[in-house]
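Please read them alongside the coordinates.

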Amino acid sequence: MSQQDDLVEMGRRLLINNYRQPPVVMARGEGCALFDVEGRRYLDMTAGVAVSILGHGHPGLANAIATQARRLVHVSNLYYIQAQLEFAEALSRRAFHGRAFFCNSGTEANEAALKLARRYQAVARKQPERVEFVAFENGFHGRTFGALSVTGQAKYREGFGPLVGPVRFLPFGDVAAARAAIGAQTCAVIVEPIQAEGGINLPPPGYLQEIRRLCTDSGTVLIFDEIQTGSGRTGTFYAFEGEGVVPDVLTLAKGLAGGIPIGAMLANEEVARGFEPGTHASTFGGNPFATAAALYVQRAIDELGLLEHCREVGSYLGSALLRLGERRRPKTRGARGRGLLQGLVIEGDPSEIVTRARARGLLVSVAGGNVVRLVPPLIVGKAEIDEAIEILDAVLGDLR
Ligand SMILES: Cc1ncc(COP(=O)(O)O)c(C=O)c1O
């Protein structure tokens, strides 16, 4: 048995059976390439589920992490943390101004947002009867109970009830449904500006503006989940910048520290009043190690011009996928996305395409049941995009 086979056997024996890993163990990475323990190269268009925005093995990030690790890894929020404060300040220079709470993952950031909204309505605004959350069909917000409860895909919720409620799910993009649902009983609306896991669904023009207006008029907290769309993924630091709206609360994770676990919830001054000392906390949240990495990533985004680069190569990838989608009809049904959050829509289940692409050295993943998702590191180049398209074309050509 090879070393890889041995490790895969260990995984099947030792780990709880909640993932569906293929028989591959990654050993190292460089830029947009990953290498498994046998030394085989893969072109990575997954970036660890839209996380590794600077690519793999980035020397500057490695250096920032190592330097901070020697100085101070963890101290908890019993005390102020310099890197956390500087990171909060760096974030406040982007398109959202407010206060920050740090945690360790996306789902935790959403838990914080839902709790903040509830407490803001109940305590700060003295309207404890406003408890209903409005969320969207095909939305995805995470796996802990609160975040799961507002995730609009039954397959993730099944078997876990009773969940947190009340939650009302609306069809994403339906203005009339939003007008009918958002009102004096609504605590908060939670929405992804572009639904990512749900199949890379873009909102119709003006839709998020209408949601914003309904929330403002009814005193409802508007939460944007930018866990996947944020950190520059769509070509602006936040996806909402392209929509002409600003939420009250914003959640981030994934790309924020280039692969070191971190989550953040940002809230405007008004809604931030919902938390007071002792009402919410996280032991690891925003620790020196994670926030030093995040601070490095903030600087790298600007120094490398990654937002402009993402817009340029993102539209290159989007056009290439549209052409591929046309060429390979009826096996495909078009392509959609923004920046480097792109999807090729497949007629039927795309898992066979993912498996065959991997066999040819390309890593992609599935979103929304019928979309092959491409979310490469933001440093991806046009030659790598060409390589990915060529492999996908060959895979589609092989399919019967
Ligand atoms: C939009 C969105 N929200 C929340 C999450 C959950 O993040 P995490 O897996 O870090 O808990 C994800 C993860 O895919 C996501 O895409």
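1. E7, helix H9 (residues 207-218) and E8 form a right-handed β-α-β unit; right-handed here means that, with the strands pointing away from the viewer, the path from the first strand over the helix to the second runs clockwise. Helices (H or I, at least four residues) and strands (E, at least two) are DSSP runs, numbered from the N terminus.

2. This is a predicted model: local features need pLDDT of at least 70, side-chain atom pairs count only at pLDDT 80 or more, and totals for chains, interfaces and linings use all residues. Residues are numbered from 1 along each chain as its sequence is written, and side-chain values use heavy atoms, with hydrogens and water left out.

3. Strand E7 (residues 186-191) runs parallel to E8, joined by four bridges; alanine 188 has valine 221 as its bridge partner in E8. E8 also pairs with strand E9 (residues 249-252), in the parallel sense, over three bridges. Pairing requires at least two DSSP bridges between the strands.

4. Strand E8 (residues 221-225) is largely enclosed by the rest of the structure, because five of its five residues are buried (under 20% relative accessible area, 1.4 Å probe, protein chains only). Val221, Ile223 and Asp225 lie on one side, Leu222 and Phe224 on the other.

5. The side chain of aspartate 225 places an N or O atom 2.7 Å from a nitrogen atom of the ligand. For lysine 254, a side-chain N or O atom is 2.9 Å from a ligand oxygen atom. A backbone N or O atom of threonine 107 is 2.8 Å from an oxygen atom of the ligand.

Key:
A polar contact is a pair of N or O atoms within 3.5 Å; within protein, one must be able to donate a hydrogen and the other to accept it, and residues adjacent in sequence count only if both atoms are side-chain atoms. Buried means under 20% relative accessible area, exposed over 50%, partly exposed in between (1.4 Å probe, protein chains only).
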